[in-house]
Amino acid sequence: VQLQASGGGLVHAGDSLRISCTVTGGTLSTSDMGWFRQAPGTERTLVGRIPWSGGKTLYADSVKGRFTISRDSAKNTLYLQMNSLKPEDTAVYYCAEGLIVSDQAKEIHYWGQGTELTVSS
């Protein structure tokens with residue numbers, strides 16, 4: 001299984017952006033999919049999670065109400081819609097597949113390569 005993230009870039013505070021993660025080489029019907037992010041000098045942290053089969057989503061408090069995670073199983077693609085972006089959202093965003101209960105309770109099987117987002121003030 002390979003995960004390919006794309007769609008990052010340079011935006012201004014208040015802008016919106018959608019990043020994508022395409023899954024190839026396998027099916028993930030029993031897995032969770034997640035977006036994580038890592039800013040320079042910090043640990044990688046969970047942004048949001050969605051079961052690949054659909055169901056309840058989970059978000060970090062810092063992005064609740066601004067970010068929406070979704071997936072298109074027909075396209076084998078995971079999305080993260082990011083609205084009202086802030087400079088503190090600047091990070092490399094990684095998609096991942098595994099079992100994700102929370103940021104502290106997870107087992108990641110596959111990571112994508114990351115896509116970089118910079119939000120200017």
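Biologist: Which side chain does Asp61 meet in a salt bridge?

Modeller: In this predicted model, the side chain of Asp61 meets that of Lys64, with 3.1 Å from N to O.

Biologist: And is Asp61 buried or exposed?

Modeller: Asp61 has a relative accessible area of 65%, which is over the 50% cut-off, so Asp61 counts as exposed.

Biologist: How many salt bridges does the count come to?

Modeller: The count comes to four salt bridges. One of them joins Asp103 and Lys106, whose closest N and O atoms are 3.4 Å apart.

Biologist: How accessible are Asp103 and Lys106?

Modeller: Asp103 has a relative accessibility of 22% and counts as partly exposed. Lys106 is partly exposed too, with a relative accessible area of 36%.

Biologist: Why do such side chains pair up at all?

Modeller: Side chains of opposite charge can pair when their charged atoms come close.

Biologist: What about Arg37, which residue does its side chain meet in a salt bridge?

Modeller: The side chain of Arg37 meets that of Asp89, at 2.9 Å from N to O. This pair links distant parts of the chain, as the two residues are 52 residues apart. Arg37 sits in strand 4, residues 32-38, while Asp89 is in the loop between strand 8 (77-82) and strand 9 (91-100).

Biologist: Are Arg37 and Asp89 buried or exposed?

Modeller: Both Arg37 and Asp89 are buried.

Biologist: Which residues are linked in a network with them?

Modeller: Arg66 joins in: Arg37, Arg66 and Asp89 are linked in a network of salt bridges.

Biologist: Switching topic. Where does Leu117 lie?

Modeller: Leu117 lies in strand 11, which covers residues 115-120. Its relative accessibility is 1%, so Leu117 counts as buried.

Biologist: What does Leu117 touch?

Modeller: Leaving aside residues up to four places away in sequence, Leu117 touches several residues, including Val11, Leu17, Met82, Leu85 and Tyr93. Asp89, from the salt-bridge network, is also among the residues that Leu117 touches.

Biologist: How far apart are the C-alpha atoms of Leu117 and Gly7?

Modeller: Those C-alpha atoms are separated by 8.6 Å, although Leu117 and Gly7 are 110 residues apart along the chain.

Biologist: Which way do the side chains of strand 11 point?

Modeller: They alternate along the strand.

Biologist: Which strands pair with strand 11?

Modeller: Strand 2 (residues 9-12) pairs with strand 11 in the parallel sense over four bridges, and here Gly9 stands opposite Leu117. Strand 9 also pairs with strand 11, in the antiparallel sense over three bridges, with Ala91 opposite Leu117.

Biologist: One more topic: what is the strand order in the open sheet of four strands?

Modeller: The order is 1-3-8-7, and the pairing is antiparallel. Strand 1 (2-6) and strand 7 (67-72) stand at the edges with a single partner strand each, so one side of each has no neighbour in the sheet. On average, neighbouring strands of this sheet are turned by 15° against each other, direction ignored.

Biologist: And over how many bridges do strand 1 and strand 3 pair?

Modeller: Strand 1 and strand 3, residues 17-24, pair over five bridges in the antiparallel sense. Ser6 stands opposite Ser20 in strand 3.

Notes: Residues are numbered from 1 along each chain as its sequence is written. This is a predicted model: local features need pLDDT of at least 70, side-chain atom pairs count only at pLDDT 80 or more; totals for chains, interfaces and linings use all residues. Side-chain values use heavy atoms; hydrogens and water are left out. Two strands pair if DSSP finds at least two bridges between them. Axes are lines fitted to C-alpha atoms, for helices over the stretch in contact, and angles run from 0 to 180 degrees between N-to-C directions. Buried means under 20% relative accessible area, exposed over 50%, partly exposed in between (1.4 Å probe, protein chains only). Contact means heavy atoms within 4.5 Å.
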